Amino acid sequence: MTTSTQPAKVRKRVSPDLRRLVGSECASLSGSAVSTVALPTLAVLDLGASTTQIALLAFLGQLPNAIVALPAGAFSDRHAKRPLMIAADLTAAAALVTIPAAAFAGVLGIGQLYAVAVVLGIAKIVHSSASISYLPVLVEADLLQHANSRLGAASSVADSAGSNVGAALVGAVGAARSILADVLSYLVSAFLVWRIRTPEPAAAPAEGRRSLARDIGEGLRYVAGQPTIRTVIAALSTLSFGLAIMNTYWVYHLLTSLRMSPSAFGVMMGVGGAGSLAGALLAPRIASRIGIGPTIIIGFAVSPLAQIPLLLAGPGLTWQIVLAAALAAQLFWATASGTSQRSLSWGTSVLSHHSSLEPVKGVRVALY
């Protein structure tokens, strides 16, 4: 029995379609990392955005997470995942390309950045919810921890590289033009998803399908009835709320009060990406050594503690190094914790619904 199943597992692990999915995620993440450097620089330094405008921009960027996440998860359960991912990537590319176009025409304003932030947030959630559902189609259940770790590692490399490339592009061609790299990344992502050929389970027929609200309600009831998932979601939501408040002014503080250059900001993000890469690669080993639960707890604890240097920091290279090291530590444990959370949620859902590898509708996006 072992001899007959092992080759299938190896094929699943290295299948071309799995590589295409990983490549798609890496492409979009590397481009998004460029925009992570370019957009704040554009808003703060080129458009002269105020603290209130920066706060609103950050709020609108996060708003889809609160409003769209659960409906997007239930919606992706009803439809083929590949078309959803492709449509989301093309929508994100179309929204982003309007920024350099408007800047070239001399009509770019903060209002347009608000609109792009909302559209981009929705597109990312739709793509993410569909991608998470599609991964178990390409990877067997007992290889999900390994696949999540490798996907996280590849994504961290892409994020780190994108941050450094973003810093270089902002310095070379300006913040607005550098966003074209993100546009290209979404087009590459859409192409790679289009190349995936592994069939996915057919969705339920429309005539026998329950309402979207009922699917979302089932997901919420399932979460409420699962102590492990419920606790993780409550802790993650609390932490995310606090970090969202901090992130609203984080970039503004670095670029103005601490007088950090866009290039230095990009390098710092790259160092943080390296920490994330290490966390993704070492996540299975850490979880096996200390357990999934302690790994998640440490990830939750390190994130707020890593912000302490920011309270004390001043301008200059020394503090930039300290902040970069703190960010690397934060993202190391955040990525290791996130990988463990994904594996825990899938394992809990599969054990509770062993007839299918798909978690209960709505649970997936609530956890991510």
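**Burial, helices and contacts**

Tutor: Val37 counts as buried, because its relative accessibility is 0% and buried means under 20% relative accessible area, with exposed meaning over 50% and partly exposed in between (1.4 Å probe, protein chains only). Before we go on, note that this is a predicted model, in which local features need pLDDT of at least 70 and side-chain atom pairs count only at pLDDT 80 or more, while totals for chains, interfaces and linings use all residues. Residues are numbered from 1 along each chain as its sequence is written, and side-chain values use heavy atoms, with hydrogens and water left out.

Student: Is H5 roughly parallel or roughly antiparallel to H6?

Tutor: Two packed helices are described by the angle between their axes and the distance between the axes. The axes of H5 (residues 81–105) and H6 (residues 110–138) come within 8 Å and cross at roughly 160°, where axes are lines fitted to C-alpha atoms, for helices over the stretch in contact, and angles run from 0 to 180 degrees between N-to-C directions. Angles under 35 degrees count as roughly parallel, over 145 as roughly antiparallel, 65 to 115 as roughly perpendicular and the rest as oblique, and therefore H5 is, relative to H6, roughly antiparallel.

Student: Which residues of H6 make the contact with H2?

Tutor: The axes of H2 (residues 16–46) and H6 come within 12 Å and cross at roughly 160°. Contact means heavy atoms within 4.5 Å, and on the side of H2 the residues include Leu21, Ser24 and Glu25. On the side of H6 they are Ile110, Leu113, Lys124, His127, Ser131, Leu135 and Leu138.

Student: Which residues does His127 touch, not counting residues up to four places away in sequence?

Tutor: His127 sits in helix H6 and is buried, since its relative accessible area is 6%. Leaving out residues up to four places away in sequence, His127 touches Ser24, Glu25, Met85, Ala88, Asp89, Ser189 and Val193.

Student: Is Arg259 buried or exposed?

Tutor: Arg259 is found in the loop between helix H10 (227–257) and helix H11 (262–290), and although Arg259 is not a glycine, it has a positive phi of about 55°. Its relative accessibility is 61%, so Arg259 counts as exposed.

Student: How far apart are the end C-alpha atoms of H12?

Tutor: Helix H12 (residues 292–305) has 14 residues, and the expected span of a helix is 1.5 Å times one less than its number of residues. H12 should therefore span 20 Å, and this agrees with the distance between its end C-alpha atoms, which is 20 Å.

Student: Which residues of H12 are buried?

Tutor: Burial is judged here residue by residue along the helix. The buried residues of H12 are Thr295, Ile296, Gly299, Phe300, Val302 and Ser303.

Technical notes: Helices (H or I, at least four residues) and strands (E, at least two) are DSSP runs, numbered from the N terminus.
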